[in-house]
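User: Could you walk me through how some of the descriptions of this model are reached? I would like to see the value and the criterion side by side.

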Amino acid sequence: MPLPPLDLPLSRLQRWMQAVIEQPGSVDEAVEAPASKEELDPEEIGRVILPSKTLTSVERVGVYQGMYLLRMVEALENDYPALAHLLGPHAFGDLVTRYVAAHPSKSYTLNRLGEALPEFVRTNRGIPKKAFAADLARLERAVTEVFDAERSPAWPAEEIERLPQEAWPGAVFLPIAAFRVLAFSYPVNAYFQSVKDENHDHPDMGRKATWVAVWRKNYEVWRLNLGKDAYEFLRALASGRPFGKAVAATARKLQGSAGDQLFRWLRDWVAEGMFQGVRTS
Amino acid sequence: MIPETKNRWRFPDLGVGVGLRTVHYAHILEKKPDVDFFEILSENYMDTGGRPLWVLEQVAERYPVVLHGVSLSIGGSDPLDRDYLRKLKSLAEATRARWVSDHLCWTGVAGRNTHDLLPMPLTEAALAHVTDRVKAVSDALGRPLFLENASTYAEFAASSMPEWEFFGRLMEAADCGMLLDVNNVYVSSFNHGFDPKRYIDAIDPSRVAQYHLAGHTNKGTHIVDTHNDYVIDPVWELYRRSVARTGRVATLLEWDADIPAFDVVHGEAQKARAFRGEEKAVAAAAS
């Protein structure tokens, strides 16, 4: 004689089902996992989920469980296409499995799922080409953040010429919200571009310091390779350092007419829409 | 003869629409296709100041827009996410959305989101729980909420009523409406072994403000609601049966995976016109 249905409180029923769904591996393994068993004895599943004519009770929950990781992989592949390419499907799938176990989605949007992935790659073992992968993940995260960042109107390029001479030393240039400037230990921007171009003749992946600005202009995300001096100057400006101090810190390292070079860079960056304005004291 | 829409909120029949999808952005902005309305996935536009929002603003300027969400978790046992509701309301106002819908489901608990539309036990306790939450959401949004019947792959032994009864009682108690997904009725009927016509015939036609149509994947043992193909004939027949009861109601084709060119998606949606008894479709067929 079949046992009567088990009418679990809604919260417990949902905790159990979620625990099963989030488990990797087969659904038979998932219902036996400690987090699942804590909510429901696997022997009782038939009293909670009805079998169909073609699927057992466990197999029916397995339809949901089987789709969970696929969905997570797809979401993170969208945000980290070059990292997925670098690692290949097996290693990327393994990374996602471990990552979502540690950082399950806590947001109404999947756009935030990958927020902690760069740090996860950097600090966890068993990830192929880990140091390169960590840099690449950081670049791709910056691209995602810039893509969705709030709007801030760009400072018109001609305004830079109107800034009074006496205001320059203390002028603080304010970057737009959709702006990042990053330093890497590997040539990840070149690798990222080769994946975007579907060019499988990837650049040398050996250790090499590189610097990149990422920003949004006309609703497109742009990336600009920088030299070390340009990076340090741009980073100083973007972090709120007054122009005079940023120039002093960078100019020491430059030969010849450093001031002219720095001004040309700044004018180009303003023309590219990296700044939303300037604060003068 | 198909009657005009009979929904109690007097929401207009917006005609035949399609979902706004990223892969079609450039086509829509450039070609400005003749589409009756667009449905947008609410969560995709809540946290962005970038290209998606820019596209949406242009679409909303030109076309009627309705919002459709996947993360409300109306059946969840966690508290409602007030930040989410605030953003949803703001988006609805910004786009002048004709209405806002989500699903009868839960998506996660303990602060987590599986990003799936998980099934509800169809019990008295669950009904009371969802009723209270629908009322709270309607109050927060300042407008009625419309819930879609999700495709389900599991049934709970403790359920004490069929889904159509649960929906009927919920809509009465919470004064909400339904986004009737005809494909989902078909999918769930296959998975659970009920007659889909019973479901269609049991829904209060005055509560239906929108239809969804979509393709699916038959795995043999069960059907998965994949939105990756053309609508099959039995689903069109169910749609015909339902439209005869509800009158012409805004109808949207969903195509979310393996998405073909915009014209293919739009063309599939246009098939709905024949079932709505539209002269436009009759004239097209005659030419």
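User: Where does B:His103 lie, and what makes it count as buried?

Analyst: B:His103 is part of strand S4 (residues 100–104) of chain B; strands here are DSSP runs of E with at least two residues and helices are runs of H or I with at least four, numbered from the N terminus. Buried means under 20% relative accessible area, exposed over 50%, and partly exposed in between, using a 1.4 Å probe and protein chains only. B:His103 has 3% relative accessibility, so it counts as buried. Bear in mind that this is a predicted model, where local features need pLDDT of at least 70, side-chain atom pairs count only at pLDDT 80 or more, and totals for chains, interfaces and linings use all residues. Residues are numbered from 1 along each chain as its sequence is written, chains are lettered from A and ligands numbered from 1 in the order in which they are written, and side-chain values use heavy atoms, leaving out hydrogens and water.

User: Which residues is B:His103 in contact with, leaving aside neighbours within four places in sequence?

Analyst: With contact meaning heavy atoms within 4.5 Å, the partners of B:His103 include B:His68, B:Val70, B:Leu117 and B:Glu148.

User: What makes B:Ala150 buried?

Analyst: B:Ala150 sits in the loop between strand S5 (145–149) and strand S6 (155–156) of chain B. Its relative accessible area is 4%, so B:Ala150 is buried. Beyond four places in sequence, B:Ala150 is in contact with residues including B:Leu104, B:Leu117 and B:Ser188.

User: Why are H6(B) and H8(B) called oblique to each other?

Analyst: Happy to show you! The axes of helix H6 (residues 182–192) and helix H8 (residues 233–246) of chain B come within 9 Å and cross at roughly 120 degrees. Axes are lines fitted to C-alpha atoms, for helices over the stretch in contact, with angles from 0 to 180 degrees between N-to-C directions. Angles under 35 degrees count as roughly parallel, over 145 as roughly antiparallel, 65 to 115 as roughly perpendicular, and the rest as oblique. H6(B) and H8(B) are therefore oblique.

User: Which residues meet where H6(B) and H8(B) are in contact?

Analyst: B:Val182, B:Asn183 and B:Tyr186 of H6(B) meet B:Pro234, B:Val235, B:Leu238 and B:Tyr239 of H8(B). Six of the residues in this contact are nonpolar, one is polar and none is charged. Here Ala, Val, Leu, Ile, Met, Phe, Trp, Tyr, Cys and Pro count as nonpolar, Asp, Glu, Lys and Arg as charged, and the others, Gly among them, as polar.
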